[in-house]
Amino acid sequence: MKQLHCPIRSIEFINQDTRRVVLDLPEDSPFFAGQYLQMVLPEKKYPFSIASSPHLKGQIELHVRPTPGSEDSAKVEALLDSAEFLDIELPLGDCYLEQRPTNTLILIAASTGITQMKSIIEFLAPGGFDFPIYLYWGVLSERDLYLDELCRSWQEQYDNFHYVPVVSEPDTSPGWQGRTGLVGQIALQDFDRVDDVTVFVSGGPGMVYATLDAFVERGMPEKNMKSDIFSYAPRPASKS
Ligand SMILES: Cc1cc2nc3c(=O)[nH]c(=O)nc-3n(C[C@H](O)[C@H](O)[C@H](O)COP(=O)(O)OP(=O)(O)OC[C@H]3O[C@@H](n4cnc5c(N)ncnc54)[C@H](O)[C@@H]3O)c2cc1C
């Protein structure tokens with residue numbers, strides 16, 4: 001793992017609350033598609049998934065969305081408001097693709113969890129998708145789908161690529177015609193069999209473990225699901 005002091009190349013809002021941050025990255029800073037980095041602040045380090053493909057040399061992209069009411073998020077936001085450089089550590093995380101999948105790949109993302117999936121998709125896309133790939137993106141409200149156009153463009157471009165946006169609070173999205181509910185449950189509804197699929201899940205611990213339990217219940221071997229949460233926030237051992 002490396003510690004780097006990276007110039008901020010650009011920073012811009014990509015919707016009402018999420019910022020895209022592009023950093024200059026030394027070329028000899030390898031990472032795998034799906035890994036994350038830590039933003040190093042004086043008192044604490046904050047994890048952020050890498051949104052760009054490792055193919056893209058010399059730069060790295062992050063999407064940062066503050067958690068309402070969080071003091072930690074406020075510190076990150078204040079830094080982004082004024083900083084010209086960011087201190088980072090990378091690469092981190094064991095939830096990445098080591099080789100091209102041969103079976104069905106299901107990517108399930110909540111909110112800014114889409115960043116991890118974007119890196120994986122942009123890494124695989126140049127070789128095309130000779131396996132079925134499904135991207136489920138769950139958000140509270142339709143206006144949170146800040147990469148909707150990009151996801152739809154993948155679906156138009158690649159025969160095997162399927163994109164399913166899911167809104168969990170449709171009351172806040174008048175006119176929403178798409179799927180509604182919890183993204184992990186919606187994904188599971190679409191598959192008769194899950195014993196030979198690989199699933200990547202990105203989101204908070206509650207969402208990730210609920211999705212794991214539901215897929216395992218339906219016959220997916222536990223080892224087929226990958227998420228940073230399994231090492232970052234391990235589930236407490238049961239007392240039984
Ligand atoms: C592995 C990992 C990757 C993350 N990547 C991003 C990111 O790309 N963009 C971003 O804005 N925030 C991301 N976060 C959340 C970010 O680190 C926190 O928002 C930040 O540290 C401020 O802390 P907090 O107060 O929000 O609370 P924390 O308790 O530290 O974070 C809770 C929030 O993080 C979200 N979260 C948890 N795991 C992930 C994940 N794998 N991907 C995305 N969100 C997650 C939860 O849904 C929740 O909203 C990530 C967190 C983890 C653990």
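**Exercise 1. Find which elements are included in what covers the buried residues of helix H2.**

Solution. 
- Step 1: The model you see is predicted; local features need pLDDT of at least 70 and side-chain atom pairs count only at pLDDT 80 or more, while totals for chains, interfaces and linings use all residues. Residues are numbered from 1 along each chain as its sequence is written. H2 spans 114-124. Helices (H or I, at least four residues) and strands (E, at least two) are DSSP runs, numbered from the N terminus.
- Step 2: Check burial. A residue is buried if 20 or more other C-beta atoms lie within 10 Å of its own, exposed if 12 or fewer, and partly exposed in between, with C-beta atoms placed from the backbone. In H2, 10 of the 11 residues are buried, which leaves the helix mostly covered. Among them are Ile-114, Gln-116, Lys-118 and Phe-123.
- Step 3: Look for the cover. Contact asks that two residues have C-beta atoms, placed from the backbone, within 7 Å. The cover of H2 includes strands S4, S5, S7, S8 and S11, together with helix H3 (148-157).

**Exercise 2. Which residues of the largest nonpolar core touch the most other members?**

Solution. 
- Step 1: Define the core. A nonpolar core is a set of buried Ala, Val, Leu, Ile, Met, Phe, Trp, Tyr and Cys residues joined through C-beta atoms within 7 Å. In soluble globular proteins, nonpolar side chains tend to be buried together.
- Step 2: Among 43 residues, Leu-107, Ile-108, Leu-135, Trp-137 and Val-199 touch the most other members. Elements giving two or more residues to this core include H2, strand S8 (133-139) and helix H5 (205-217).
- Step 3: Zoom in on one residue. Leaving aside residues up to four places away in sequence, Trp-137 touches Ala-109, Ile-114, Leu-145, Cys-151, Pro-165 and Val-166.
- Step 4: Look for another core. A second, separate one has 19 residues, including Ile-50, Ile-60, Val-76 and Leu-86.

**Exercise 3. Which strands stand at the edges of the open sheet of 6 strands, and in what order do the strands lie?**

Solution. 
- Step 1: Know the rule for pairing. Two strands pair if DSSP finds at least two bridges between them.
- Step 2: Read the order. The strands run S10-S9-S8-S7-S11-S12, with parallel pairing.
- Step 3: Find the edges. S10 (179-180) and S12 (225-226) have a single partner strand each, so one side of each has no neighbour in the sheet.
- Step 4: S9 and S10 are joined by 2 bridges, and Val-167 has Thr-180 in S10 as its bridge partner.

**Exercise 4. Trace the antiparallel pairings of strand S2.**

Solution. 
- Step 1: Start with S1 (residues 2-13). It pairs with S2 (residues 19-24) in the antiparallel sense over 5 bridges, and Ser-10 stands opposite Val-22. S1 and S2 make a hairpin with 5 residues between them.
- Step 2: Move to S5 (residues 59-64). S2 and S5 are antiparallel too, over 6 bridges; here Val-21 stands opposite Leu-62.

**Exercise 5. How many residues surround the ligand, and which domains do they come from?**

Solution. 
- Step 1: Count the shell. A residue is near a molecule or strand if its C-beta atom, placed from the backbone, lies within 6 Å of it. There are 22 such residues around the ligand, the closest being Tyr-46, Thr-67, Ser-70, Thr-112 and Gly-204.
- Step 2: Sort by element. S4 gives the largest share, 4 residues.
- Step 3: Sort by class. Ala, Val, Leu, Ile, Met, Phe, Trp, Tyr, Cys and Pro count as nonpolar, Asp, Glu, Lys and Arg as charged, and the others, Gly among them, as polar. The shell has 7 nonpolar, 12 polar and 3 charged residues.
- Step 4: Sort by domain. Bounds come from an automatic or database domain assignment. Domain 1 (2-92) and domain 2 (104-232) each supply at least three residues to the shell.
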